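Me: I would like a close look at one part of the model below, with the rest brought in as context. Please keep to what can be computed from the coordinates.

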Amino acid sequence: MRVVRSLLLLAAAVAVPALSAPGTLSAQTYPSNKDPRSTLKPGRFDAGIAINGMKQVSFSPKPAELDTVRGLTFINSDVAFATHYVYQANFAGFTIWDITDPAKPVIASVTKCITSQGDPTIYGTLLFLSAEGAGNRKDCGAGGVQDPKDHMAGIRIFDVSNPKAPKLIKNVETCKGSHTHTLVPSPTNKNIIYLYVSGQQGARPDTELAGCKNGNDPKDPTNSLYQLDIVKVYLNAPEKSEVIPGARIFADLEGAGECQRYCVPTRTGTRAGRPQPAADMPAGPRNCHDVTAYPEMNMLLASCSTHSILVDIKNPEKPFRINAIMDTNNFQGRHTAAFSNDAKKLIQTEEWGGGTGPMCQASSMQQLGGNTIITLDAEKRQKQRAYFKLGSAQAAEENCVAHNGGIIPVPGRDLYVQGWYQGGVNIMDFTNADSAFEIAYFDRGSINPPRPVDVPSAAAADPTVRGGGNTIGGSWGAYYWNGLIVSSELDRGLDILELTPTAQLSANEIAAAKLVTFEQFNPQSQPKYVWPPAFVVIRSYLDQLVRGQGLAAARTTAIDAALTAAEQKTGAARAAALNTLAAEVGKDIAGAKDSARVRAMAGEIRRLAAASR
């Protein structure tokens, strides 16, 4: 989350420059205030709920040790997953939840440790937390930093082999601190992993951390600013983890973006207590907010201000930029990235409003503050395609912004579940790169009741309500993990949701997704999803063909009957029936409206036949 102390006022924000080609400027569009999510009752634990395509399995309130809204000091941030544990970070520490029973999560432990913002990653029995800002101390203590030698900025490493008693074993200091970080495993050494670190601040003084240097030359190898720091972690000796030469991917990326349609003023002001870079910086990016790795594909996608940067990480110690594109959808600040499972599509989200401003109101344009879909061609060149934003108008009391999410493993489709702060959680289908749409959502009403002004920051604080009347809350990030959707609620606690069948998502598709499980999962280190051969995988493709009318109804009905008959057989008889069906479906490919999906279904039928012998 990028903290912005003052909200952007839309009334003063929109400037639409003339374009050279008349008629190329499309009209602005705005979220609907007729959506069920737009009129929900406010409240912290008794707010109204709107839900579609999901059910709420459980809600667990924030532990007492971290339950306060004093500034941004105690808000929940991101999550990581291992076995039956959820590691929920907080700006002041972290909670380990035991979700053996997802309907009744149990707190294994709460660790207090001032670590803004606490972005977490789990690997084996090691938990890594990002630390950035002026208030983090080496000893995790509260009260701020009085002596610079006590300041900690970088990566904290905890031993969580005993989830009931985590132990801090190492602080790895970096020059710019760590706003977020992303795990990349070594392809050659199982005892080494790398953490790619995004630091948002200027370089720390050399007197605080030797070797740190501010500068304005992206090509200067001694300049600490123009790189992603890389921490090399030795899993068999984590106390020896160290910073190695970083990823220098910003050289020759000039320009702040091409704002041609809907533009807002450049943000001004800085975060108190942070070192600031030189005033004469080049206009191109010098850092990224989040980077998402796809180790199976040797790629990393970086969200860097107005740029989307694709990086080759085949050798994690020597990454190089493949290409980069600037904003053509008027992004003000790219935030989080994701890959489709086949890595042919990319997602970039935008944190318009910085997380503290409500930017999904009826007066907030749809052309800012959402996601864009990017495709890659055979040479891995990026091209921006569809744009998607939450379609519901939220109340002025709800900070709403496109934030963190991840892929849902439904075969044959590209689905992305995502947190929108007080905009709630929703699921976007981006299978068609030119037409992304929503298929499910979960939302609560605002934490605070309505204020007598359009913009909450313009009203005086109300001492009778939580947070003075402008509490920051909502879903920091929502992720699919082993059949569940887990959402980290900034102010309230932890939500666990589950998909339910609708006209846009079938029971077979949900069952097929549940076949994909992982022992550990870090959302910004994206795994490749592989489905075992199964009838529900085949039927997922069949349901999609029926829904999209991609194959004649007579044929889908006949295929359904043949699958039912084959499922009643066993062994060689089942294999023979499936091979016969695969041959018949193969003949459907040429005349099908959706030939690619029919071909994929035929392949899954053959795969199940081979497994049935």
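How many helices and how many strands does the secondary structure of the protein chain come to? After that, please look closely at helix α3: which of its residues are buried, and what covers them?

Reply: The model is predicted, and every value below is computed from it. The secondary structure of the protein chain comes to five helices and 30 strands. The chain has 613 residues, and 57% of them are buried. Among contacts with a separation of 6 or more, 63% join residues 24 or more positions apart. The accessible surface of the chain is about 23300 Å², and carbon and sulfur atoms account for 53% of that area.

Now the helix itself. Helix α3 runs over residues 553-567, which makes 15 residues. The distance from its first C-alpha to its last is 21 Å, close to the 21 Å expected at 1.5 Å a residue. The buried residues in α3 include Thr 556, Ile 559, Leu 563 and Ala 566. Viewed down the axis of α3, the buried residues fall within an arc of 85°, so they line one face of the helix. The face of α3 turned away from the buried side carries Ala 553, Ala 554 and Thr 557, which are exposed. The cover over the buried residues of α3 includes three other helices: α2 (535-547), α4 (571-588) and α5 (595-611).

For comparison, here is a buried site in a strand. Asn 90 belongs to strand β4, residues 85-90. With a relative accessible area of 0%, Asn 90 counts as buried because the cut-off for that class is under 20%. A polar atom of the Asn 90 side chain lies 3.2 Å from the backbone oxygen of Ile 75. The backbone nitrogen of Ala 92 is 2.8 Å from a polar atom of that side chain. Setting aside neighbours within four places in sequence, the residues in contact with Asn 90 include Lys 62, Leu 66, Phe 74, Thr 115 and Gln 117.

Charged pairs complete the context. Side chains of opposite charge can pair when their charged atoms come close. The structure holds 28 salt bridges. One of them joins Asp 429 to Arg 413, with the closest N and O atoms 2.7 Å apart. This pair links distant parts of the chain: Asp 429 is in strand β25 (residues 425-429), and Arg 413 is in the loop between β23 (405-408) and β24 (415-419), 16 residues apart. Asp 429 is buried at 4% relative accessibility, and Arg 413 is buried at 9%.

Two further bridges have partners close in numbering to look up. Asp 139 and Arg 137 meet through their side chains at 3.0 Å, N to O, and Arg 137 counts as buried at 19% relative accessibility. Glu 379 and Arg 381 form a salt bridge whose closest N and O atoms are 3.0 Å apart, while Glu 379 counts as exposed at 52% relative accessibility. There is also a network of salt bridges that links Lys 138, Glu 173, Arg 204 and Glu 208.

Key:
Residues are numbered from 1 along each chain as its sequence is written. This is a predicted model: local features need pLDDT of at least 70, side-chain atom pairs count only at pLDDT 80 or more; totals for chains, interfaces and linings use all residues. Side-chain values use heavy atoms; hydrogens and water are left out. Helices (H or I, at least four residues) and strands (E, at least two) are DSSP runs, numbered from the N terminus. The expected span of a helix is 1.5 Å times one less than its number of residues. Buried means under 20% relative accessible area, exposed over 50%, partly exposed in between (1.4 Å probe, protein chains only). The arc is that of the directions from the helix axis to the C-beta atoms. Contact means heavy atoms within 4.5 Å. A salt bridge is a side-chain nitrogen of Lys or Arg within 4 Å of a carboxyl oxygen of Asp or Glu. Accessible areas come from the Shrake-Rupley method with a 1.4 Å probe; for residues, only the protein chains shown count as cover. A polar contact is a pair of N or O atoms within 3.5 Å; within protein, one must be able to donate a hydrogen and the other to accept it, and residues adjacent in sequence count only if both atoms are side-chain atoms.
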